[in-house]
Amino acid sequence: MYQYSSTPTPIGTIYVICDANHLVRIEFDKEFLQKDKDADLYKYAPDDPLCELVITQLEEYFAGIRSEFEVPFHLEGTVFQKEVWKALSNIQYGEVKCYQDIAKEINRPLAVRAIGQANRRNPLPIVIPCHRVIGKNKDLVGYAGDKIGMKEELLKLEGVLV
């Protein structure tokens with residue numbers, strides 16, 4: 001069983017999904033309930049202590065008073081994806097890196113496209129800051145469709161863009 005809650009933010013409503021002990025996903029769209037084949041496993045629980053903790057930290061982030069998250073989380077993914085997500089976690093607040101930088105850091109210089117795919121599948125956006133990865137030419141790439149605006153807003157919040 002998963003508990004979830006939501007909070008309004010400057011980039012739209014954010015949904016946090018937790019199991020009994022960990023944050024497991026962050027979603028930007030409530031459609032996750034319709035898309036997930038196990039949607040009946042989700043319970044709306046705004047008073048869940050872990051959901052409340054995550055939401056408090058997200059609110060602090062958007063208020064500009066938090067630059068790192070301190071929540072227990074659990075990641076499901078391939079060994080490669082977890083390697084990429086760990087590298088993303090090392091990108092500091094207010095910094096950006098390009099996909100090539102991440103490829104070099106994980107000693108896979110030819111895996112730039114695969115890194116992009118792992119970045120896209122990041123289950124914990126913002127907490128694992130995939131928005132801090134930009135194109136080699138400093139272009140804002142990597143967020144599908146209208147989510148590029150989210151990336152721009154997050155980077156403005158962190159002082160990377162003006």
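Ile126 lies in the loop that joins H5 to S6. In this predicted model, the phi angle of Ile126 is near 80 degrees, a positive value in a residue that is not glycine. Ile126 has a relative accessibility of 2% and therefore counts as buried, the cut-off being under 20%. A positive phi also occurs at Asn107, where the angle is near 60 degrees, again in a residue other than glycine. Asn107 belongs to the loop between H4 and H5. At 66% relative accessibility, Asn107 counts as exposed, since the limit for that class is over 50%.

The chain contains 6 helices and 6 strands. Read from the N terminus, the order of the elements is β-β-β-α-β-α-α-β-α-α-β-α. The chain has 162 residues, of which 44% count as buried. Among contacts with a separation of 6 or more, 56% are between residues 24 or more positions apart. The accessible surface of the chain is about 8900 Å², and carbon and sulfur atoms contribute 49% of that surface.

Helix H3 spans residues 79-89. Its buried residues are Phe80, Gln81, Val84, Trp85, Ala87 and Leu88. Viewed down the axis of H3, these buried residues fall within an arc of 155 degrees, so they line one face of the helix. In general, an α-helix has 3.6 residues a turn, so residues three or four places apart point the same way. The exposed residues Val79 and Lys86 are carried on the face of H3 turned away from its buried side. The cover over the buried residues of H3 includes helix H4 (99-105), helix H5 (112-120) and strand S6 (133-134).

In H5, the buried residues are Ile115, Gly116, Ala118 and Asn119. Seen down the axis of H5, they fall within an arc of 165 degrees, so these residues too line one face of their helix. On the face of H5 turned away from its buried side are the exposed residues Arg113 and Arg120. The buried residues of H5 are covered by elements that include H3, H4 and S6.

Val96 is placed in the loop between H3 and strand S5 (97-98). With a relative accessibility of 28%, Val96 counts as partly exposed, because this value lies between the 20% and 50% limits. Neighbours within four places in sequence being left aside, Val96 is in contact with Ile91, Arg132, Ile134, Leu155 and Val160.

Leu50 is part of helix H2, which covers residues 49-62. Leu50 is buried, with a relative accessible area of 12%. When residues up to four places away in sequence are not counted, Leu50 touches Cys18, Asp19, Asn21, His22, Leu23 and Pro72. Asn21, which is among these contacts, stands 29 residues from Leu50 along the chain, with a C-alpha separation of 7.4 Å.

Phe28 occupies the loop between strand S3 (23-27) and helix H1 (32-35). The relative accessibility of Phe28 is 18%, so this residue counts as buried under the 20% cut-off. Phe28 and Val16 are 12 residues apart along the chain, and their C-alpha atoms are separated by 9.0 Å.

The second largest pocket has a volume of about 220 Å³. It is lined by 14 residues, of which Glu68, Phe69, Ser89, Val127 and Pro129 are the closest to its centre. By class, the lining of this pocket divides into 9 nonpolar, 3 polar and 2 charged residues. Ser89, one of the residues closest to the centre of the pocket, falls within the residue range 79-89 of H3.

Technical notes: Residues are numbered from 1 along each chain as its sequence is written. This is a predicted model: local features need pLDDT of at least 70, side-chain atom pairs count only at pLDDT 80 or more; totals for chains, interfaces and linings use all residues. Side-chain values use heavy atoms; hydrogens and water are left out. Helices (H or I, at least four residues) and strands (E, at least two) are DSSP runs, numbered from the N terminus. Buried means under 20% relative accessible area, exposed over 50%, partly exposed in between (1.4 Å probe, protein chains only). Contact means heavy atoms within 4.5 Å. Accessible areas come from the Shrake-Rupley method with a 1.4 Å probe; for residues, only the protein chains shown count as cover. On a 1 Å grid over the protein atoms alone, a cavity is a set of points where a 1.4 Å probe fits but cannot get out, and a pocket is an open set with protein on both sides within 12 Å along at least five of seven lines; lining residues have an atom within 4 Å of a point. Grid points are joined across faces, edges and corners, and a volume is the space filled by probe spheres set on the points. Ala, Val, Leu, Ile, Met, Phe, Trp, Tyr, Cys and Pro count as nonpolar, Asp, Glu, Lys and Arg as charged, and the others, Gly among them, as polar. The arc is that of the directions from the helix axis to the C-beta atoms.
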